[in-house]
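The stops below are meant to be selected in order.

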Amino acid sequence: MCHCLPTILEQGCRQAVHALPTGLSMVDAHPSGLQPDLPPTAGAALLRGLRGRCPRCDGAPLFRAWLKPVDRCARCAQDWSVQQADDFPAYIGIIVTGHLLAPIVIAMIGGYGISAWLTLAIILPLAVVLLLVTLQPVKGGVIAFLWWNGIGAFTQERRSVAPDRQDAE
């Protein structure tokens, strides 16, 4: 197995493989026989991610800390450690925050005649709070988007569609 790694790391690799629950393999790390409640649409998967729930099964939290996803879903065993959301959630959060606050800034300066310095003193803390509040839901949505579309290390999964029933008349 890990021939080029030091002995300590090699033992860690063995322990990690043996720590997998029964019925799991490294390639297909989903419990055998368990069929998760896959979302019917991309919107449903995104909504699950925005709510901080597993986009695959909606049965467990997606995050173990504020912006740190769980390594593996506790219910469906989906591996979330392979997600590569990187900085994209922050970019989306900045764009959303800027678009929400721009009309407020224009109204404060243009409509109410508030000075630019007072507007800045009000808007900057508001922008920071708004960005921090939106960052985790946006990251969940990005992870759900990546999973739904099979981007990166994710495998694209869809609900199995029942064959059309034709009524015999």
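Predicted model: local features only at pLDDT ≥ 70, side-chain atom pairs only at ≥ 80, totals over all residues.

Residues are numbered from 1 along each chain as its sequence is written, and side-chain values use heavy atoms, with hydrogens and water left out.

**Whole chain**

Start with a cartoon view. The chain has four helices and zero strands, in the order α-α-α-α; helices (H or I, at least four residues) and strands (E, at least two) are DSSP runs numbered from the N terminus. Of the 169 residues, 30% are buried, where buried means under 20% relative accessible area, exposed over 50%, and partly exposed in between (1.4 Å probe, protein chains only). Now switch to a surface. Its accessible area is about 11200 Å², with 63% belonging to carbon and sulfur atoms; the areas come from the Shrake-Rupley method with a 1.4 Å probe, and for residues only the protein chains shown count as cover.

**Helix H3**

Select residues 88-111, which are helix H3. H3 has 24 residues and reaches 34 Å from first to last C-alpha, close to the 34 Å expected at 1.5 Å a residue; the expected span is 1.5 Å times one less than the number of residues. Where does H3 bend? The bend, about 30°, is at leucine 101, and proline 103 follows within four residues. A bend here is the angle between axes fitted to the seven residues ending at a residue and the seven starting there.

Next show the side chains of Pro89, Thr97, Leu101 and Met108, which are among the buried residues of H3. The buried residues of H3 pack against helix H4 (116-149), a contact being heavy atoms within 4.5 Å. After H3, go to glycine 113, whose phi is positive, near 70°.

**Salt bridges**

The whole structure holds five salt bridges, each a side-chain nitrogen of Lys or Arg within 4 Å of a carboxyl oxygen of Asp or Glu.

Select aspartate 37 and arginine 48, whose closest N and O atoms are 3.5 Å apart. Aspartate 37 lies in the loop between helix H1 (7-18) and H2 and arginine 48 in H2, so this pair ties together parts 11 residues apart in sequence. Arginine 48 is buried, at 7% relative accessible area, whereas aspartate 37 is partly exposed, at 38%.

Move to arginine 56 and glutamate 157, which meet in a salt bridge at 2.8 Å, N to O. Arginine 56 is in the loop between H2 and H3 and glutamate 157 in the segment after H4, 101 residues apart. Are these two buried or exposed? Arginine 56 is buried at 5% relative accessibility, and glutamate 157 is buried at 17%.

**Two aspartates in one loop**

Select aspartate 58, in the loop between H2 and H3. Its phi is positive, near 60°, in a residue other than glycine. Aspartate 58 also forms a salt bridge with arginine 51, the closest N and O atoms being 2.7 Å apart. Aspartate 58 is partly exposed at 26% relative accessibility.

Finish at aspartate 86, in the loop between H2 and H3. Phi of aspartate 86 is positive too, near 50°, and this residue is exposed, with a relative accessible area of 64%.
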